[in-house]
Amino acid sequence: MKPIAVLVYGALGRMGKEVIAAVCRDPELKIVGAVDLKADQGMLPLPDGSAEVPLYADVSSMLKSWHPQVLVDFTVAEASMIAARVAAKQGVNLVIGTSGLSDDNLKEIDQLCKANNVGAVVAPNFTIGAAVLLNAVKAAAKFFDFAEIIEMHHHEKVDAPSGTALATAKAMRQSRGKPFSYQKTKKETISGTRGGEFDGIAIHSVRLPGFVASQEVVFGGIGQTLSVRHDTIGRECYLPGVILAIKEVVKRQGLIYGLNTLLSLGEQ
Ligand SMILES: NC(=O)c1ccc[n+]([C@@H]2O[C@H](COP(=O)([O-])OP(=O)(O)OC[C@H]3O[C@@H](n4cnc5c(N)ncnc54)[C@H](O)[C@@H]3O)[C@@H](O)[C@H]2O)c1
């Protein structure tokens with residue numbers, strides 16, 4: 001069978017480089033091009049030394065000249081939407097890992113994909129552990145009235161809370177069918193000490209060198225607590241999920257949100 005032709009968007013970033021290396025290792029996939037705002041050369045040598053692929057700064061020009069089956073995007077949210085609009089209209093499937101897409105962005109991606117008979121997998125977290133954690137906390141959310149999320153990331157992360165923490169809170173709230181109970185602290189000596197709040201779930205963002213990405217969800221009930229924690233130690237943890245998404249998205253139409261559906265864990 002012909003390998004699936006993949007374009008990596010954000011190719012010179014931390015995730016983009018990992019994705020290129022992982023795609024090169026998989027005989028069912030083939031890199032056909034790379035796009036990054038920082039591109040200053042015409043060709044990008046592949047990390048396995050097998051070939052060079054065209055490297056552009058502008059995604060529209062790349063999509064006009066080359067015809068990938070899948071665009072894998074690890075950039076910034078505004079750049080994602082620009083690429084999604086152009087790519088879907090040209091029949092290119094989307095795998096989007098970029099954080100910060102709004103609900104309106106997701107709706108638009110779904111509509112674009114359905115109108116153009118292509119698929120999209122958008123996942124705020126491509127790790128298998130995070131997908132399993134989500135399943136577990138959705139179950140717990142039905143039985144515990146109180147819950148807080150502590151997410152821990154490297155100190156250079158630009159946003160807070162993490163996309164994963166917000167998606168986790170939304171999924172817990174949806175599974176529960178009503179907001180969580182939240183006990184306001186009468187005297188907060190340092191403002192913000194109790195964290196941000198989403199529908200009764202306090203979210204605490206830790207930013208320290210040494211962390212890659214960790215998340216702990218703590219539920220509280222009378223006389224008991226339940227903690228579910230996931231730690232990622234290196235960026236390679238995302239790659240099996242990204243590779244799975246590339247192979248599955250070409251068989252689908254419309255938006256699949258999160259890895260859970262692809263892992264048969266139910267909808268996210
Ligand atoms: N879904 C997941 O599992 C997952 C995992 C890790 C990171 N992320 C997210 O992926 C994104 C990228 O993360 P990173 O650590 O690789 O960041 P990074 O800053 O290392 O890389 C981003 C790259 O995108 C490029 N870029 C930005 N705007 C562009 C544009 N308009 N056109 C072309 N290229 C553009 C930058 O030049 C940069 O090289 C972030 O949003 C991050 O939160 C998601």
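1. The open sheet has 8 strands in the order β3-β4-β2-β1-β5-β6-β7-β13, and its pairing is mixed. Strands are DSSP runs of E with at least two residues, helices are runs of H or I with at least four, and both are numbered from the N terminus; two strands pair if DSSP finds at least two bridges between them. β3 (43–45) and β13 (254–257) are the edge strands, each pairing on one side only.

2. This is a predicted model: local features need pLDDT of at least 70, side-chain atom pairs count only at pLDDT 80 or more, and totals for chains, interfaces and linings use all residues. Residues are numbered from 1 along each chain as its sequence is written.

3. β5 (residues 70–73) and β6 (residues 93–96) are parallel, paired over 4 bridges. Val-70 stands opposite Asn-93 in β6. From β5 the chain passes through helix α3 (residues 77–89) to β6 in a right-handed β-α-β crossover (with the strands pointing away from the viewer, the path from the first strand over the helix to the second runs clockwise). Further along the pair, Val-72 faces Val-95.

4. β6 also runs parallel to β7 (residues 119–122), joined by 3 bridges. Leu-94 stands opposite Ala-120 in β7. The β-α-β crossover from β6 to β7 goes through helix α4 (residues 103–116) and is right-handed.
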